[in-house]
Amino acid sequence: MIIAHSLKKKLVLSVFMTALCCFGFAQTTLSNQNFWKNVRFGGNIGLGFGNDSFNASVSPNAIYQANEYVGLGAGLNFNYAKFRNAKFAAYGGSLISLINPIRALQLSAELEQLRVERILELDGGNVEENYWSPALFLGIGYGNKNVTVGIRYDVLYNDEKSIYADALMPFVRVYF
């Protein structure tokens, strides 16, 4: 049952990403001269402090705007956190597709794969976990050319393995 459910999710993702790629690249001709004119850069920087805690994240990414409706891109992710007797690091990458069916509405799909390393320091010894954590975010947002504000949902969310507190989360996306 679990294998069939996982296989179904992977199949849906594969079909969705293939359709987006084909649609986006079919609508425009790629030439070396105008490729970089259509690339937009953005990302996320985060820093947090609290009672005996620290959190930092850096996530740069780039989007190729295939046409006025479709953008495809990739990003890198790095997160580090220390909370009392626990340390956490996650790093990896993501692929993202953006669709603007109308100017102010943005639909998105982002596949993220992170390597997670957790260490819990205990008096009797340390407990370590190292694993890969996938996420598939489907989102909707409102915005203009450079800034989009919206909400996204991780359809692969696992409350025991995900680095995120919830499957549903708001986002602000900025590209230049």
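How many residues stand between E6 and E7 in the hairpin that they form? In this predicted model, the hairpin of E6 and E7 has three residues between its two strands.

Strand E6 covers residues 125–143 and has pairing partners in both E5 and E7. With E5 (residues 105–122), the pairing is antiparallel and runs over 18 bridges. E5 and E6 also form a hairpin, here with two residues between them. Within this pairing, glutamate 112 has alanine 135 of E6 as its bridge partner. With E7 (residues 147–154), E6 again pairs in the antiparallel sense, over seven bridges. A handy landmark in that pairing is leucine 138, which stands opposite tyrosine 153 in E7.

The count of salt bridges comes to four. One of them joins lysine 87 to glutamate 121, with 3.7 Å between the closest N and O atoms. Lysine 87 belongs to strand E4 (residues 86–102) and glutamate 121 to strand E5, so that distant parts of the chain, 34 residues apart, are linked. Lysine 87 is partly exposed, at a relative accessible area of 32%, and glutamate 121 is likewise partly exposed at 32%.

A further salt bridge brings together the side chains of arginine 152 and glutamate 110, at 3.0 Å from N to O. Because arginine 152 lies in strand E7 and glutamate 110 in strand E5, this pair ties together parts that are 42 residues apart in sequence. Are these two side chains buried or exposed? Arginine 152 counts as buried, with a relative accessibility of 12%, and glutamate 110 is buried as well, at 11%. Both values fall under the 20% cut-off for burial.

Glutamate 129 and lysine 161 supply another salt bridge, their side chains meeting at 3.7 Å, N to O. Here too the pair links distant parts of the chain: glutamate 129 sits in strand E6, while lysine 161 is found in the loop between E7 and strand E8 (168–174), 32 residues apart. Glutamate 129 has a relative accessibility of 30% and counts as partly exposed; lysine 161, at 32%, is also partly exposed.

Note on methods. Residues numbered from 1 in each chain as written. Predicted model: local features only at pLDDT ≥ 70, side-chain atom pairs only at ≥ 80, totals over all residues. Heavy atoms only, no water. Pairing = 2+ DSSP bridges. Helix = DSSP H or I, 4+ residues; strand = E, 2+ residues; numbered from the N terminus. Buried < 20%, exposed > 50% of the residue type's maximum accessible area, 1.4 Å probe, protein only.
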